[in-house]
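Biologist: I am new to this structure. Could you walk me through it?

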Amino acid sequence: MRLAFLFLFAMAVIFNSTAQDKILKLYDGVPPGSKNIKTKEIRTISDYGSPILRNVTEPELWHFSANGTGNKPAIIICPGGGYKVEAYEHEGIQVAEWLSGLGFQAFVLKYRLPDDALFSNATYVPLADARKAIAMIREKASELNVNPEKIGIMGFSAGGHLAASASTLFNHQVPLSSEGKKVRPDFSILVYPVISMTSAITHQGSKTALLGKNASQDLVQLFSLEKQVTAQTPPTIIFHAKDDGAVPVENTIRYAQALRENNVPVKEVLLEKGGHGFGFRKESPAFIWTDHLEQWLNANINQ
C-alpha cells in the first residue's frame, strides 16, 4: 500500500513539474466568427498513438515559463494535424517543455480549426487565432516576462502552414482579425511545413480542410505562401525530411528559395531520414533537428 502511494505521489510530482504554468484565453467573450461555442471539444488518440484534439471553439495559449530571470524571447507553437486535428503532445507540449528549459517563454497555441459548421469565414479562423496570440503576448510582454521584440512562431506540418501564414500575410486584410506590425512575428521555425496550395506539391488533406473542395484561385494564390514572401518576412529556419511521404520536401525548398530571393535570412535543414510527423519523438532519426534548432536559436535569438 505504501509503495502504491509513493508511486502515485511521484507521478503527481512529475506531472505537476511539466504542466504549463498558466492557460491564457485568447479572447474575452465569444471569439470572432463563432457560430456555436457549445460544441464539445474532443481529445482522443490518433491511429499513430498520438494525443490529438478537435472541435476547438475556445482557443487558448498554454504557457510554459522560461528558466532563468528577466525578459526572454517567446515562441508560439502551432501543432499540426492537417487542419483537422491538433497533435498537441509531440508537436506541442513536449516541444514547449524543452524550449522553456532552453530559456524561452514557450506557448502552445490551441487554435480553432476551419469548420464551416462552427465558424463563419472558417478559412481565416486559424490565422485569426495565430495573429491574436502574437498580439496578446506582445501586449502582455511585461506581465509574461517576454521581450516584445523577440516573439517567434513555430509550426509543424499544417501548423507550419499556419506559422508561415502568420509570417507572410501579416499585412493582408482578412476577415476576423487586424493586421500590421503588432501581429508580425519576429522569427519563424517551420518543421515539415505545408507551404503551397498548388496541386503539384500541396498536402491535399490540408488544402481541402482549409480552403474547401472547390477553392477559388484567389484563395489558392493567397495561401500558397511561397508566393507571399516579401523582404518583411521574418528570419526563418526550416526542417524537412527528404523521405517525407505526406508533405513533399519541395514545399520547404520553394519557400527557402523565395526567402533568399527576398534577402530574408533563412537556414534550411534537409534531413535524410525521418518521414513525416516525427515532432519531438526522440527515437526518430530526424531528432537531430533539435540540435540544429538549439544552435540557431543561440546564435540568432537567445542573446
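Modeller: Buried means under 20% relative accessible area, exposed over 50%, and partly exposed in between (1.4 Å probe, protein chains only). Helices (H or I, at least four residues) and strands (E, at least two) are DSSP runs, numbered from the N terminus. This is a predicted model: local features need pLDDT of at least 70, side-chain atom pairs count only at pLDDT 80 or more, and totals for chains, interfaces and linings use all residues. Residues are numbered from 1 along each chain as its sequence is written, and side-chain values use heavy atoms, with hydrogens and water left out.

Biologist: Which residue in strand 6 is the bridge partner of Leu-61?

Modeller: Two strands pair if DSSP finds at least two bridges between them. Strand 4 and strand 6 (residues 105-110) are antiparallel and share 5 bridges. Within strand 6, the partner of Leu-61 is Leu-109.

Biologist: How many residues apart in sequence are Glu-60 and Lys-25?

Modeller: Their side chains form a salt bridge at 3.7 Å, N to O; the term means a side-chain nitrogen of Lys or Arg within 4 Å of a carboxyl oxygen of Asp or Glu. Glu-60 belongs to strand 4 and Lys-25 to strand 1, so the pair ties together parts whose separation in sequence is 35 residues.

Biologist: Is Lys-110 buried or exposed?

Modeller: Lys-110 forms a salt bridge with Glu-41, with the closest N and O atoms 2.8 Å apart. With a relative accessible area of 5%, Lys-110 is buried.
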